[in-house]
Amino acid sequence: MKTPKKSKTSIRLPSHITPIRYNLTLKPDLENFTFWGKEVIDLVIDKEVKEITLHSKDIDIETAQAGVQFATKISYDIKAETATFTFKNKIPKGKIKLTLVFNGIINETLRGFYKSKYEIDGVTKHLATTQFEATDARRAFPCFDEPAQKAVFDVSLIIPGTHTAISNTLPTSIKEHEAGYKIISFAPTPKMSTYLLAFIIGDFEYVEKNAGQTLVRVYTTSGKKHQAKFALDTAIRCLEFYNKYFDIPYPLPTLDLIAIPDFESAAMENWGAITFRETALLVDAENTSLVTKQWVAIVIAHEIAHQWFGNLVTMKWWTDLWLNEGFASYMENLCTDHLFPEWHVWDLYLADRYAVALKLDALQNSHPVEVTVHHPDEISEIFDMVSYAKGSAVIRMLAEYLGADVFRDGLRHYLKKHSYNNTETIQLWESFEKVSKKNVVKMMNTWTKQTGYPLITLSKKGNQYSAAQERFFSSRISREKYNKGKKQLWHTPFAYKTNNEILKTISTKNKVPLIGANIGKLNFEERSFVRTRYDKETILRLKEEILDGKLSVKDRLGLIRDMFALAEGGYIDTVTALDFSLAYKNETEYIVWAELASGIGKVYALFGDDTYKKYALSLFSPLAEKMTWNHIKGEPHSHTFLRSLAISGAGSYGDKNIIKHAEILFKDRIKNPIRADIRSTVYAIVAQNGGQKEWNLFKNLYLKEKMHEEQERYGRALAQFRDNKNLCATLHFAISSDVRTQDAPFMIGAVWGNTYGRDLAWKFVKSNYKIILKTWGEGGHFLSRLLSPLGTHSTKKDAEDIKKFFKRNPAPGSARTLEQAYEKIYSNVSWVQADKNNVKKWINNNYK
C-alpha cells in the first residue's frame, strides 16, 4: 500500500488545496520516544482531484480518509518531503475533511518533535518539545508546511498525569483519559503558519505575572525558576512597549517563555509559547555576567517583536525571511534601548551584528536580502547574518532617513493592513512610501534585491569635494573580477561632516558633488550601511581629530573599522591601517576597542610573530592597567566590557603581569569567587598558558557544572589551550556523550578559531565527518555554522584540500558557506602575498 514515489522537480505544494483548520491530537511516549497522532484537516479544494499531497517527513501514516472514502495508496516522496494520498473516486470541488492516523519518533536532532535531557538530583529526566521553523512541522504531523498556508489549530495532548503540557494557547479542558494519563485540550490558535505551532511536555515550574490582559509566564525545569525573574520582568516590559509602539494589542490571553535544556538556536518565536536555550532566558544573580544579561534582554525583545512581525504578518515564502528576522533584529535594539537606556545598545549593535553584516556582505558569495530559495537545505542556509544583521542595518538606515515618527507610522500601516495574512517585501516599502511621501520602493530595492553594499570615496578637485560609490569587496581577487563586469549602484542616503555642520545627501549616481569646506568624516555616526575611503590629506586630518577628541565614538569606530577593511581588500596598504591605529592609544570606549581588537587580531592571525605582539601590547597593556581588575562603583556599563577586552587582549599577547594575576585569581577562586563579568577572560588566560593539569581541571569542572552559562565558560576555556595534545583532547571531548549536541559545534568552532588549533580542527573534522554529518547534517543550521571557520585558513594548499574533501563528501545546507570559505581563503593568500613584507618591515622598525 505504501510505495516510494519518484521525486518531482518542484517541492512546492499544489495551490488548489488550502487548509483551513487542523484538529490535532498527539500522544507522546516519553519512555520509548515515539508518538501516536490523529488529525482532521478542514480543506478547501478548488477543483476535482483524486490525489491530495501534503508535507510529511519521518512519519508513518496508517490511514488517510477524505470524507467517507479511504485512500487506496499512500506514497512518499523523500526528496520533496511529501506524502500523497490516492483515492478511487474523485473528490469534488469544495470543502472536505481529511482524517489521518499516524505514528512518529521523538527524535534527537533538535528539529521537529524532539527530546531534551536534563538531570535532577542525579536522576536523568526527559521532556519533549518542538522546533518547527523553517520546515519541520512535517516531522511532527502531516501538514501543508508552507508559511502562506495559514490555518487555525485545535491541539489536544494525551500525556502522563504528573506532566505539564504547554502549547500556543491556554487549556480549555483537562480530562482523565486512561490509567495514569490525561488529555489536555487547548483553545484554538489564531490563523497562523505551521512553523509557529508548538507543544512542550515535561515536568516544569514557572513564575507568572499579568501584563494588562495578558498572563505572562516563564517556565523552567525543576529547581531553576529563581533564575526566571529577570526574564519575566523584561518580557512584561517588552510586551507593554510593543503594544504601544505598534498600536496593535497582543492578541492572545497568554505569553509563555519556556527554557529548554537542549535547543539549537537562541530562541523560537512560536506564537504565545516562545522556546529558549537556557542561556538566552535564565539569569542568576551571582553567576550571570552583564554580557549574558544583556543577551537575554535582547533575545526576549527579538522574539516578542516576532509576535507582530512574523506571526501576525508573515512572509509569503522564505524568499522574504528577512521581513521576519531583519525587522525583529532591528526592533530588539529599539525596544531594549527603551527599557535599558544605560546600556547604550545601539552602540553595542554597531560593534557586533552590524560589523558582522559588513564582513559577510563584502564577499562576492554573499546573497541579496531577498533571495530566492526552494529546497529546505536552501531555506536553512539563509538563516544567516545577511537576513538578520544586514536586514536590520538597512532598516536602521531607512529609519534614520525617514525619521522616527514616520518610520513607526509606516510600520503601523503595514501591520494593520496585512494582519493575519502573508506579504512580500514590496508591500512593506509601499506602506512606508504611502506614509512618508518619499520614493522608498525605488531606494530600498537597491538594498534588498542586490548583493553587497557601496564604498563611498571622498575626493577633492580644487575646492570642490565629491563622493563616488562602488561595490566594496573584502577580497582583492573578487574586486578584480567585478571590475571587469557590470557595475552596481545603490540609492544611498548618508550624512557627512564639514567645518561647522552636519549635512545630508542621497547618492543615486556613481559620483555626486558635496557642499561645504574641509569635509571630513563621511557616513556621520555610521547611519548608513557603507564603508568610506579618503585621500591622504583627509586621513591625516581625521587622525588629528581623533587625537584631539573631536570625533564622536561612533565616528571613531567607523574610521578604524573601515581602515582595517580597506587593508584587507587591498584598497590601502596594511601598514596604513596599523599606523592609523596608533591614534587610538588614549581611546576610552569599548565599541571602538572592540573594532581595534578585531582588526589587530585578524592581522596577527595572518602576519603575526613575537615582534607583532609588542605592537599589540603597546595598545592593550596600558589599557588593562588603566581599567584595573576591579569593578568601580558608578562606572559606565560599557567599562565592564572594556575591562574584559583589555585584560583578554593583554593576556593573549603575552603580558606577564596579566597572566600571573589571572592565575592567582583562578587558584583562589574557591575562597574568593571570580566576578562573573571577568570569569571567561580569566579562564581563557589560564588555559592559554596551561597544560595537562589545567585541562583536566577544566574538563572536570565542565562535567560537574549544572548552570549552563558557567558550563559554556569552561567549554570555551577547553578550546583555548595552545598545545596539540590538549586541543585534540578537547575536540574528541566535544563529540562525546558528555557534551550536549547543541554545544559541541561551538566547542569545535572555538578550537578551529584558535590559531594554534586551526589545522588540528580541520584534520579532526575530516577524520570524524561521518559522525558530524550524522549528528548535524540533518536539517537546521548547525553544519553550516560548524564549517564557517574554514575561512580562517590562509594557504592555497588548504583551499585545494578543502575543495577536494567536499567534492567527495556532502555538506547539506552548506553550499554557500563553502563558497564563502574558499573566497576568504584565497583572499587571505593574496593579502599575505601583497602586504607581508611591508608589515614585517613596519613592525621591525617600530617595535624590535
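This is a predicted model: local features need pLDDT of at least 70, side-chain atom pairs count only at pLDDT 80 or more; totals for chains, interfaces and linings use all residues.
The structure holds 64 aromatic pairs, where rings of Phe, Tyr and Trp (its six-membered ring) pair if their centres lie within 6.5 Å, with planes under 30 degrees apart counted as stacked, over 60 as edge-to-face and the rest as tilted. Residues are numbered from 1 along each chain as its sequence is written, and side-chain values use heavy atoms, with hydrogens and water left out.

Let me take one of the pairs, Trp322 with Trp429: the ring centres are 5.6 Å apart and the planes stand at 45°, so this pair is tilted. Trp322 lies in helix α3 (residues 321-339) and Trp429 in helix α9 (residues 425-436), so the pair ties together parts that are 107 residues apart in sequence; helices here are DSSP runs of H or I with at least four residues, numbered from the N terminus. Is Trp322 buried or exposed? Trp322 is buried, with a relative accessible area of 0%, and Trp429 is buried, with a value of 0%, where buried means under 20% relative accessible area, exposed over 50% and partly exposed in between (1.4 Å probe, protein chains only).

Phe494 and Tyr496 form a tilted aromatic pair, 6.3 Å centre to centre with 50° between the planes, and both residues are buried.

Conventions: Helices (H or I, at least four residues) and strands (E, at least two) are DSSP runs, numbered from the N terminus.
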